[in-house]
Amino acid sequence: MKYSEFRDAIQQHLLKHPEGRTWKALQAELSLPYAQACPEWVRRLEVDIGLSRKEKKGAALIWKC
């Protein structure tokens, strides 16, 4: 999976779910092939799509854009 495919999938999914999603939910719902999000890609998402990960659900951060 290329970064652009990852970015587009995450952005489209988060726009459909404005309440946000945890990484585990995104991974399951989008069938992402990664156990963890690549820190470099996450930083790029913060710039490219305005990703924020501040709220928490238990110990997990909620991803929103």
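This is a predicted model: local features need pLDDT of at least 70, side-chain atom pairs count only at pLDDT 80 or more; totals for chains, interfaces and linings use all residues.
Trainee: Which pattern does the protein chain follow along the sequence?

Mentor: The pattern reads α-α-α-β-β, with three helices and two strands in total.

Trainee: What radius of gyration would a compact globule with 65 residues have, and what does the protein chain have?

Mentor: For a compact globule of 65 residues the value would be near 11 Å. The protein chain has 11 Å, so the two agree.

Trainee: Which residues are buried in α1?

Mentor: Start with the general idea. An α-helix has 3.6 residues a turn, so residues three or four places apart point the same way. Here, Tyr3, Phe6, Ile10, His13 and Leu14 are the buried residues of α1. They cover an arc of only 115° around the axis, which means they lie on the same side of α1. The face turned away from that side carries the exposed residues Gln12, Leu15 and Lys16. The cover over the buried residues includes α2 and α3.

Trainee: Which residues touch the most other members of the largest nonpolar core?

Mentor: In soluble globular proteins, nonpolar side chains tend to be buried together. The largest core here has 13 residues, and Phe6, Ile10, Leu14, Leu45, Leu51 and Trp63 touch the most other members. Helices α1, α2 and α3 each supply at least two residues, and α1 gives the largest share, four residues. Leu51 has Leu14, Leu45 and Trp63 among the residues it touches beyond four places away in sequence.

Note on methods. Residues are numbered from 1 along each chain as its sequence is written. Side-chain values use heavy atoms; hydrogens and water are left out. A nonpolar core is a set of buried Ala, Val, Leu, Ile, Met, Phe, Trp, Tyr and Cys residues joined through side-chain atoms within 4.5 Å. Buried means under 20% relative accessible area, exposed over 50%, partly exposed in between (1.4 Å probe, protein chains only). Contact means heavy atoms within 4.5 Å. The arc is that of the directions from the helix axis to the C-beta atoms. The radius of gyration is taken over C-alpha atoms; the globule rule is 2.2 Å times the number of residues to the power 0.38.
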